[in-house]
Amino acid sequence: MDQASLLQYLITGLTVGATYGLTALGFTIIFNTTGIINFAQGEFVMLGGMMSVFFMRALGLPEPLAIVLAVAGTTLIGALVERLAIRPVRDCPAINLVIITIGVSILIRGAAMLLWGKDTFALPAFSGAAPVAFFGAALMPQTLWVLAISLLILAGLKMFFSRSIHGKAMLACSFDPKAAALVGIGVDRMVLLSFMISALVGAVGGAILAPITLTSFDVGVMLGLKGFAACILGGLGNPFGAAAGGLILGVLESLGAGLISSAYKDALAFVILLALLFVRPSGLFGQKDGKRV
Amino acid sequence: MSVGYRRDMRWLGGFLVVLLLAPPLLGNNYYLTVLTMCCLNAMIAVGLSLLVGHAGQISLGHAGFYGLGAYTTAALSTTLGVPVGLSMLAGVGATSGVAALVGLPALKLKGHYLAMATLGFGVILSILFNETVGVTGGPSGFTGIPRLSLFGVEFSSDLSVYYFILALLGLVIWVAFNILHSRVGRALRALHTSEKAAQAMGIDIARYKLFIFVVSAAFAGLAGVLYAHYLTFIAPASFGFLFSVQLIVMVVLGGMTSVPGTIAGAFFLTVLPEFLRAFENVEILLFGAILVLCMMYLPDGLAGGSSRLWRLVWRKMFVRAEKDPMEGGGNG
Amino acid sequence: MAEPLLRCTDVGVRFGGLQALAGVDLSALPGEITAVIGPNGAGKTTLINAISGMVQAQRGTFRLGADDITFAPAHERSRLGLVRTFQNLEIFSNMTVLENVMTGCHARLRVPAWASLLRTRASRAMEKTIRDEALEVLDFVGLFELAKYQAKDLPFGKQRLLELARALGARPRLLLLDEPAAGLNMSETQVLADLILAVREHFRLGIVLVEHDMDLVMRISDQVMVLCFGQVISRGTPAQVQRDPEVIAAYLGDDED
């Protein structure tokens, strides 16, 4: 194993890992305000990619505009999901809500298949596909886009949660919804906001990854699984852990694919995840007690 | 014995009689296949409801156990020529053994972390089914599995296989009721509500979690071996993550703790896609929509929904009905 | 006097930087009620948790009768006859009152799990015995009429009694009561006091009682131990403890809030 290919795997891993991280962030944001795992999170990612492709091809829009529209559209869908399927039944046990999100994910996937078929699509890379040599490894410009935009989102979320009044209110909801309601924070609004932000973050992840890994109506399932795995790896509820968990998972997977076998890359990622959970029952950066439900 | 147990036994009797009489009424072979699949899925779901609904431990990997049973018996009987009865036993045994090995560390985890661990285990198994082509036949499937036979006698008709599966489903339900109406069932419900209090009552919670995990995996393995010898063809797609999720949905849709409800959930979720097949492209979409609506409007699942409906009808029909002694709660 | 039933020696529990208990000795005699009192945060509940095995003590030894239970897990201690109740009710809300008490009997049913699975004759006979015994206990605490109700539907005071009944179902040699009077009104506390005395008579067991309610403690206990900031500051008969200036100081310092 020479250094150049090791570096190559690392770069690929970080790129994919960044999307896992964004998906995991989406899970974390909704989990923190509602205590549920939103199984439709992977579908938000799929929508980001697929809608970008659709706006470009069917409406002939330029790529940046198509992506912005796709992200906006997904955010709107996130809001609709909360208003129509979650809010009316929010007092139900968590497991019921989780099943509802599973139903929603099936529904979205079904609609996507109906609208866009079962084909695989590619989104053009944002700034050309010519690789740049980087210490012997080939660096795709898109990789830089993925990493830069992911970092931007992370920084934006950090600002939002620590500076803005809405962000602080959302954090308050996650610590203690009853107390938050008592001090006049509209829990309903915060849950709605959390679905919108999750959808937005997921859609951005989907759009920036689509030029690299291609997209189709069913990419959300595996991306959702990986995102959930990244959350758990980092310690559920911890946004920093989620992002880090995504990167770690991506790199592990890429190294596994390169060093062992690409057929078993997913298996390897999960074997490591299991081994880690058995040693650290609440993830890498989680609180000591592995229970938060 | 206790009133509850007798009522459950009566229910089981009625259920078996209906399913015994069903095939001639359905007439068509296609319906018989669907009904057989209903029974197999119900077998897994009942075990899972003990684990999830009663003991409060989630598993998102039960499709893996289902597949493990199926592939073990397929490989033993087809590739190695082991008699079917023996290979089926080995399939259930292997599933239970693997469940014990996985459950030992996994059941120390709680809530979402346990969900992740079992999910990861299921994904790993499903990748193995796909990639170990030499053993499993890979994504295109395992063909030529011998039909069900015991002691040299082959179950030559689909109807005979159906009755055999039905008998085993009856056995599984009977065992499930026995568990629920015994100290084991009480221990499970106890550790679900309060692990501390359960320990204070001398319940070894780790042992009981593992026990019910293995039992539910064994039920899934049993369904798997039957499935393999019934269809004589298996493919990894049947044992993936999405099926694990469907199994959980069956339990939740059934109302979590009710065995009849879980069976209703399993039947409903097995029949629904067949029914929706008529709608071709919108099939998946409708499936998702129905799932969402069911969960929104039947929060206690089918069991809760039907008993509410039943009470409503009862009251409407017999205004001066006897007062339910359990209703109305405590006197304070 | 008789051999102590429970003997804890030099118990120390530390949570991170906080020393919750230090050098605590406690022995309880069979047939006696030993009370542990102390101001808020004195470490009373931690002591119960350490004795029952819910919290692992870093220092000290625990013996129950002839058995060394220092390293026994919580459920093992319960099986040996050391059974506790909880201050903030931990009843099994998803069961009936009767089932709660039958769960209390759990450890005394020595039938293997597969026997329950197959509902063997032995397991049925055992269930029957347990049911009858559980009903007896319910009768004893006065909940017989409510046996079939869902436990979560009982009013608070009755849930407290149920918690006691469930523990009695396990036929303990030593009963640990964690603030059994918390949340009860005066007349309910009165009833509880008589009940605890009756329990001691009827079941012939030792009781360790952690309690806030001074009147209750002074009325029914034989021995009292006072904890303050994790250390024993006084022990003796109720009368002796009441006169101890150190105890008075500890309580006066606390009663302000």
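Visitor: How many salt bridges does the rule find across the interface of chain C and chain B?

Guide: The rule finds 3 there. Bear in mind that this is a predicted model, and side-chain atom pairs count only at pLDDT 80 or more.

Visitor: What makes the meeting of Glu127(C) and Arg186(B) a salt bridge?

Guide: The rule wants a side-chain nitrogen of Lys or Arg within 4 Å of a carboxyl oxygen of Asp or Glu. Here the side chains of Glu127(C) and Arg186(B) have N to O at 3.0 Å, so the pair meets the cut-off.

Visitor: Which elements of chain C supply at least two residues each to the side that touches chain B?

Guide: They are α2 (74–79), β6 (82–84), α3 (97–104), α4 (113–118), α5 (121–141) and α6 (156–169) of chain C. By class, that side has 18 nonpolar, 9 polar and 12 charged residues. There are also 13 residue pairs in polar contact between chain C and chain B, both residues at pLDDT 80 or more.

Visitor: And how much area do chain C and chain B bury between them?

Guide: About 3,500 Å², with 61% of it on carbon and sulfur atoms. On the chain C side, His106(C), Leu117(C) and Arg119(C) lose the most area to chain B, together 21% of what that side buries. In residue terms, 39 from chain C are in contact with 35 from chain B.

Visitor: Why give an interface as an area at all?

Guide: Its size is often given as the accessible area lost when the parts come together.

Visitor: How do you know that chain A and chain C do not touch?

Guide: Contact needs heavy atoms within 4.5 Å. Chain A and chain C do not touch, and their nearest C-alpha atoms are 13 Å apart. Of the 2 pairs of chains in contact, A and B share the most contacts.

Visitor: Last one: why is strand β7 of chain C called largely enclosed?

Guide: Buried means under 20% relative accessible area. For β7 (residues 174–178) of chain C, 5 of the 5 residues are buried, so the strand is largely enclosed by the rest of the structure. Leu174(C), Leu176(C) and Asp178(C) are buried on one side, and Leu175(C) and Leu177(C) on the other.

Visitor: Which strands pair with β7(C)?

Guide: β6(C) pairs with β7(C) in the parallel sense over 3 bridges, with Leu82(C) opposite Leu174(C). Strand β8 (residues 206–210) of chain C also runs parallel to β7(C), joined by 5 bridges; in β8(C), Ile207(C) is the bridge partner of Leu175(C).

Methods: Residues numbered from 1 in each chain as written. Chains lettered and ligands numbered in written order. Predicted model: local features only at pLDDT ≥ 70, side-chain atom pairs only at ≥ 80, totals over all residues. Heavy atoms only, no water. Buried area = accessible area lost by both parts, 1.4 Å probe. Polar contact = N/O pair within 3.5 Å; in protein donor to acceptor, adjacent residues only side chain to side chain. Helix = DSSP H or I, 4+ residues; strand = E, 2+ residues; numbered from the N terminus. Nonpolar A, V, L, I, M, F, W, Y, C, P; charged D, E, K, R; others polar. Buried < 20%, exposed > 50% of the residue type's maximum accessible area, 1.4 Å probe, protein only. Pairing = 2+ DSSP bridges.
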